[in-house]
Every structure is written in structure tokens, then in C-alpha cells.
Number of protein chains: 2
Amino acid sequence: MVQYRAATIDRVSAAISHPTRRAIIHRLAHGPARLSDVAERFPMSLTGFCKHVRVLERAGLVRRTRRGRENTLALSPQPLSDVTRWLLQYERFWTARLDRMQEYFAKQKENSQ
Amino acid sequence: MVQYRAATIDRVSAAISHPTRRAIIHRLAHGPARLSDVAERFPMSLTGFCKHVRVLERAGLVRRTRRGRENTLALSPQPLSDVTRWLLQYERFWTARLDRMQEYFAKQKENSQ
DNA sequence: TTTATACTGAACCACATGGTTCAGTATCGC
DNA sequence: GCGATACTGAACCATGTGGTTCAGTATAAA
């Protein structure tokens with residue numbers, strides 16, 4: 001039986017439940033970025049934006065490196081795997097897509113080599 | 001580009017962010033059950049339990065069929081796939097575990113045949 | 001018909017979220 | 001050193017969550 005870290009799943013799934021935070025993750029997937037540069041794209045105050053960043057940090061999804069007055073944000077995607085694993089338990093329930101999934105991972109593996 | 005239904009991901013990931021609701025999902029994965037029977041296992045009032053059920057319903061993860069005074073709950077796992085698909089976008093970021101994942105699905109497929 | 005069962009709803013509480021503004025601090029560039 | 005830049009924190013607000021209790025309704029069973 002796979003072990004799931006409940007507290008991690010709690011925080012991570014809560015963290016990804018807001019479109020702004022998913023957008024931040026999406027942005028950081030392309031590489032680290034300055035907090036202000038990321039914030040710019042969002043129609044809210046910097047303070048509001050920072051709250052989202054803090055939620056992501058607490059979930060372990062974002063790491064912050066401070067250099068002088070600048071904060072660089074980097075994606076730390078590992079915790080996403082906990083939620084994914086939990087969800088994949090139920091994969092067989094929503095469809096008989098095992099074939100396609102297997103194919104998908106085989107292809108990904110090929111591409112990454 | 002895959003289309004993600006933002007509102008669905010919002011509600012579903014929020015719904016699975018509480019251990020009680022994940023436990024309900026786990027329970028219902030074995031088959032439909034009466035509301036009270038499921039509720040029994042949880043150390044909270046029936047009213048409190050019902051609130052969790054309502055959150056799951058709003059996320060489209062649980063369906064309720066009323067027969068007389070009894071509510072039968074059934075898992076409706078399809079919406080889980082939206083969150084899973086969103087997460088799998090980032091799968092390649094968190095590790096080079098593609099081999100193991102592929103193996104996992106191959107084995108699952110074997111077992112289910 | 002009475003009583004027990006299976007919820008349902010309203011009201012309340014404490015706390016978190018998602019946003020704001022405004023004021024403060026720390027650092028960088030000139 | 002001065003001003004601009006890049007945050008940070010406190011305070012506030014409305015709303016949602018996660019729980020409670022208590023009272024009510026509807027149905028099934030005796």
C-alpha cells in the first residue's frame with residue numbers, strides 16, 4: 001500500500017485550487033522569475049499577489065531566494081506528485097484509459113531520452 | 001493545447017483538500033452507500049458530515065439518490081480526471097520517474113485483464 | 001398511531017481566504 | 001545621501017470552511 005502524506009495533499013490540493021496560483025505554477029514551470037515580474041501579469045495588488053505566493057510556499061511548491069531586495073521564485077514541483085499519486089489511485093474508476101496512460105508514459109519516456 | 005475547465009479544477013481540488021472528504025471518496029470507490037452508514041465512521045455530527053457531502057456534490061464527485069428517507073451516495077469520479085490531467089502536465093518536472101510510472105500502468109493493465 | 005430513523009436547516013463560532021489600502025523597511029542606482 | 005524600487009506587515013472587509021447544537025420534517029416500522 002502506497003503511503004500518502006495527508007498534510008501534504010491537504011496543502012497542495014488547496015494550493016492548486018485557485019486559478020491565480022495555478023497560473024503562477026504555470027509561469028514558473030518555464031523557469032525561475034522575479035516576484036514582481038510574475039506579479040505584473042495579475043490584476044491585483046502586489047500584497048494580494050504575495051499572499052498567493054505564501055500559500056504556494058507553505059505547500060512546498062515554490063521556493064524563494066532573496067538577493068538584496070529581490071525575491072526570485074522557483075517552482076518546486078515535487079509535492080505535486082503526492083496529489084497525482086493519490087488521484088491516480090482512482091484513475092481506473094473514471095475510465096478504462098489504462099492503455100492510453102501507459103502509452104502516454106511510454107511516449108514521454110521516449111521523448112525524454 | 002488541452003483545455004482545462006478552470007471552475008472544475010477549482011472545486012475538485014478544493015474538495016479533495018480535506019482528509020474527511022478524501023476518506024469519503026475512498027469509501028465510495030468500493031461502491032455506493034447510505035449517507036448514514038458512511039457518516040458513522042467519522043467522529044463528527046451528522047450535520048457536519050453532510051456539509052462535506054455537499055462540498056463533494058458541488059464538485060460533481062458525489063451523486064445522491066433519494067429513496068424515501070434514505071440518501072444513497074455514489075462516487076462520480078469523472079471530475080477527478082480534470083485535476084489529474086492538469087497535474088500530469090507537470091509530471092516531467094518533478095522527477096525522472098517515467099519508467100516507474102510506465103511500469104505501474106503496465107502492471108495495472110495486466111492485473112485488470 | 002405512535003415512535004424511531006434519517007436526514008435538513010438555521011444559527012452560531014473560530015478561523016482561513018482573497019482581496020484591499022496604507023504605512024514601513026531595506027536595498028539599489030545615481 | 002536621496003529617491004526610486006521591491007517588497008513586507010498590519011488592519012480591515014466579505015465570504016467560505018469546518019465544526020457545533022437544536023429544532024423540524026418526512027418516512028418507515030412496530
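Begin this tour of a predicted model by selecting B:Gly68, which takes a positive phi near 65° in the hairpin formed by strand 2 of chain B and strand 3 of chain B, where 2 residues lie between the strands.

To see where the surface near DNA strand D comes from, select helix 3 (35-40), helix 4 (46-58) and strand 3 (70-75) of chain A along with helix 4 (46-58) of chain B, each of which supplies at least two residues. Helix 4 of chain B gives the largest share, 5 residues, and the surface as a whole divides into 6 nonpolar, 10 polar and 5 charged residues.

Now move to helix 5 of each chain, residues 80-88, where the helix of chain A packs against that of chain B at an angle of about 140°, with the axes 10 Å apart. The two helices are therefore oblique to each other, and helix 5 of chain A passes helix 5 of chain B in a left-handed crossing. Select Leu80, Val83, Thr84, Leu87 and Leu88 in chain A and again in chain B to display the residues that make the contact, which by class are 8 nonpolar and 2 polar, with no charged residues.

Definitions and conventions
Residues numbered from 1 in each chain as written. Chains lettered and ligands numbered in written order. Predicted model: local features only at pLDDT ≥ 70, side-chain atom pairs only at ≥ 80, totals over all residues. Axes fitted to C-alpha atoms, helices over the stretch in contact; angles between N-to-C directions. Helix = DSSP H or I, 4+ residues; strand = E, 2+ residues; numbered from the N terminus. Parallel < 35°, antiparallel > 145°, perpendicular 65-115°, else oblique. Left-handed = near helix turned anticlockwise from the far one by under 90°. Contact = placed C-beta atoms within 7 Å. Nonpolar A, V, L, I, M, F, W, Y, C, P; charged D, E, K, R; others polar. Pairing = 2+ DSSP bridges.
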